Amino acid sequence: MPLPYTAKQLQAAVHTGFSVALKCSGGSNASYIPYLASVDPNLIAVTIVTVDGNTFAAGDSQYQFAIESISKVFTLALVMDQVGSPALRAKVGANPTGMPFNSVMALELAKGKPMSPLVNAGAISTASLVSGKTPDERWQKILATQSAFAGRDLVLSSEINQSEQTTNFHNRAIAWLLYSAGTCYSDPIEALDIYTRQCSTLISTTDLAVMGATLANKGKNPITGKQVIGAENVRHILAEMMMEGLYTASGDFAYTVGLPGKSGVGGGILAVAPGKLAIAGFSPPLDANGNSVRGQAAVKSIAEELKLNLFEA
Ligand code: DON
């Protein structure tokens, strides 16, 4: 079925979303990862990619930023393909935690079960399940999955990786807690190393929108035509995003935007309208929940203008 929008309408929605976002202020760059604190807070970009492979962009849409937590979606997709959704759900869980993305309390209350693959604990546990003979082979599979979603070879930023690997003390504690509870399925330091690398690749909003459009298009990349993951897993991934994609603001995002989303502390944000398109935003200043202030505003504006809310018949 053709999309119910003209190219003009899509470009106009991107421009409106961009101007609405520009008028928003507040928030601040993540500071617990030194690299992120140094990124220009005035950078701002929005891109839409449709399931028929058309791109509409505004702002710094070629600027490459750290993928951070948005990477959790793609490692989840890889592992779901490798072990199947029932096994992954049993091992990691599929429920919102209602707590911050790096909460140790959430992990303790659930007796060491991460609950969601989209919080740090669940993402480290998910990374520990990636198959491969060596840590490097497992890392290469993650990078290849991110690249297949983006439709180009993504690269690890050694600067970002270095910045994170040398400061990720809180995540080290989480990795050991998982291991002691039996929910880290490889050596915890190896799992954390891979997880930290997966957060340190560089993407633009245009890459991110292609990644999201692949999910919107039943796992088939609309630009390359490649089936990246099994179509049967997409609904589970989107459900996880709806439940936990914006952490403690996931409920607010479902209530106001009504789309599965995912944010990262690098300032990126993704929302997926199944069967239609994906919206990617980028702006470094974050709110108290760890979500881009301007990115959320742009996504909300575009979703409203194009009437994308899944809960509206
Ligand atoms: O592990 C971390 O804390 C970061 N590498 C990623 C966290 C993140 O992006 C949470 N998102 N809002």
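What is the volume of the largest cavity? The exercises below concern a predicted model, and each is followed by a worked solution.

**Exercise 1. The enclosed spaces**

*Solution.* 

Step 1. The largest cavity has a volume of about 50 Å³.

Step 2. Identify the residues around this space. Its lining includes Thr 97, Pro 100, Phe 101, Asn 102, Val 119, Asn 120 and Ile 174. Two or more residues of the lining come from each of helix H5 (104–109) and helix H6 (120–127).

Step 3. Sort the lining by class. Eight residues of the lining of the largest cavity are nonpolar, four are polar and none is charged.

**Exercise 2. The largest pocket**

*Solution.* 

Step 1. By class, the lining has seven nonpolar, seven polar and two charged residues.

Step 2. Helix H9 (residues 169–181) contributes the most to this lining, with three residues.

**Exercise 3. Strand S7 and its partners**

Decide whether strand S7 (residues 277–282) is largely enclosed or open, and find the strands that bridges join to S7.

*Solution.* 

Step 1. Examine burial, for which the cut-off is under 20% relative accessible area. Six of the six residues of S7 are buried, so the strand is largely enclosed by the rest of the structure.

Step 2. Consider the two faces. Leu 277, Ile 279 and Gly 281 point one way, while Ala 278, Ala 280 and Phe 282 point the other way, and all are buried.

Step 3. Find the partners. Strand S1 (residues 45–50) is antiparallel to S7 and is joined to it by six bridges. Strand S6 (residues 268–273) is likewise antiparallel to S7, with six bridges.

Step 4. Follow Ala 278 of S7 in detail. Ala 278 is the bridge partner of Val 49, and Val 272 stands opposite Ala 278.

Step 5. S1 and S2 form a hairpin with four residues between them, where Gly 53 in the turn has a positive phi of about 85°.

**Exercise 4. Salt bridges**

State how many salt bridges are counted, and describe the pairs formed by Asp 136, Arg 138 and Lys 300.

*Solution.* 

Step 1. The count comes to five salt bridges.

Step 2. Asp 136 pairs with Arg 197, with 3.8 Å between the closest N and O atoms. This pair links distant parts of the chain: Asp 136 belongs to helix H7 (residues 135–150) and Arg 197 to helix H10 (residues 188–198), 61 residues apart. Asp 136 is partly exposed at 42% relative accessible area, whereas Arg 197 is buried at 15%. Asp 136, Asp 193 and Arg 197 are linked in a network of salt bridges.

Step 3. Arg 138 pairs with Glu 190, the closest N and O atoms being 3.4 Å apart. Arg 138 lies in H7 and Glu 190 in H10, so the pair ties together parts 52 residues apart in sequence. Arg 138 is buried, with a relative accessible area of 5%, and Glu 190 is partly exposed at 30%.

Step 4. Lys 300 and Glu 304 meet in a salt bridge of 3.4 Å, N to O. Both lie in helix H14 (residues 293–305), four residues apart, and are therefore separated by about one helical turn. Lys 300 is partly exposed at 32% relative accessibility, and Glu 304 is partly exposed at 46%.

Key
Residues are numbered from 1 along each chain as its sequence is written. This is a predicted model: local features need pLDDT of at least 70, side-chain atom pairs count only at pLDDT 80 or more; totals for chains, interfaces and linings use all residues. Side-chain values use heavy atoms; hydrogens and water are left out. Ala, Val, Leu, Ile, Met, Phe, Trp, Tyr, Cys and Pro count as nonpolar, Asp, Glu, Lys and Arg as charged, and the others, Gly among them, as polar. Buried means under 20% relative accessible area, exposed over 50%, partly exposed in between (1.4 Å probe, protein chains only). Two strands pair if DSSP finds at least two bridges between them. A salt bridge is a side-chain nitrogen of Lys or Arg within 4 Å of a carboxyl oxygen of Asp or Glu. On a 1 Å grid over the protein atoms alone, a cavity is a set of points where a 1.4 Å probe fits but cannot get out, and a pocket is an open set with protein on both sides within 12 Å along at least five of seven lines; lining residues have an atom within 4 Å of a point. Grid points are joined across faces, edges and corners, and a volume is the space filled by probe spheres set on the points.
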